[in-house]
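Good morning, colleagues. Please turn to the model that I am about to show.

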Amino acid sequence: ERDYRELLSTENLLDDILASMNAGEMARRQFREIARVAGLVFQGFPGRHHPARHLQASSSLFYEVFQKYDEGNLLLAQAQREVLAKQLEHSRLTRILQRLGEGEVVVKDVARVSPLGFPLLVERMETQLSSESLRDRIARMTVTLEKWADGA
């Protein structure tokens with residue numbers, strides 16, 4: 001029997017989050033705001049602002065240079081911290097996993113796919129070859145599952 005508590009472990013949570021999401025792109029976007037506040041990018045004179053794409057290009061250049069030549073840069077670290085705290089809610093996710101890990105794990109076999117399992121099944125179906133389109137297969141499965149849920 002498998003120990004399901006391992007799945008709820010927060011031991012490598014930060015690494016798992018960073019590996020599973022495009023956190024680098026999220027940090028790059030957050031860095032744009034940090035660079036603006038820090039005065040790294042010229043926003044134009046009062047009443048005559050630069051277009052947003054100029055600000056984006058300038059902050060992107062700073063981000064790439066810092067990433068390549070100054071990995072310990074405090075502004076990069078700030079961008080990553082803000083992404084983890086505000087957008088990914090790292091601390092909240094940690095608390096939830098800890099709470100779930102303290103609870104009782106109940107494993108049940110189900111006769112049909114559950115609502116939480118449906119997206120996983122669809123993802124798996126995307127890789128399977130069929131003469132039927134994915135949209136048609138999903139529609140057929142949805143009708144079948146709805147009938148089952150209604151007790152038909």
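How many helices and strands are there in the protein chain? There are 7 helices and 2 strands, where helices (H or I, at least four residues) and strands (E, at least two) are DSSP runs numbered from the N terminus. This is a predicted model, in which local features need pLDDT of at least 70, side-chain atom pairs count only at pLDDT 80 or more, and totals for chains, interfaces and linings use all residues. Residues are numbered from 1 along each chain as its sequence is written, and side-chain values use heavy atoms, with hydrogens and water left out.

Along the sequence, the elements of the protein chain are arranged as α-α-β-β-α-α-α-α-α.

I turn to overall dimensions. The C-alpha trace spans about 70 × 40 × 30 Å along its principal axes. The radius of gyration, taken over C-alpha atoms, is 23 Å, whereas a compact globule of 152 residues would have one near 15 Å; that globule rule is 2.2 Å times the number of residues to the power 0.38.

Of the 152 residues, 21% count as buried, that is, under 20% relative accessible area, with exposed meaning over 50% and partly exposed in between (1.4 Å probe, protein chains only).

Let us now consider one residue. Arg-32 lies in helix H2, residues 23–38. Leaving aside residues up to four places away in sequence, Arg-32 touches Gln-56 and Ser-59, contact meaning heavy atoms within 4.5 Å. The C-alpha atoms of Arg-32 and Ala-79 are separated by 8.8 Å, and these residues are 47 apart along the chain.
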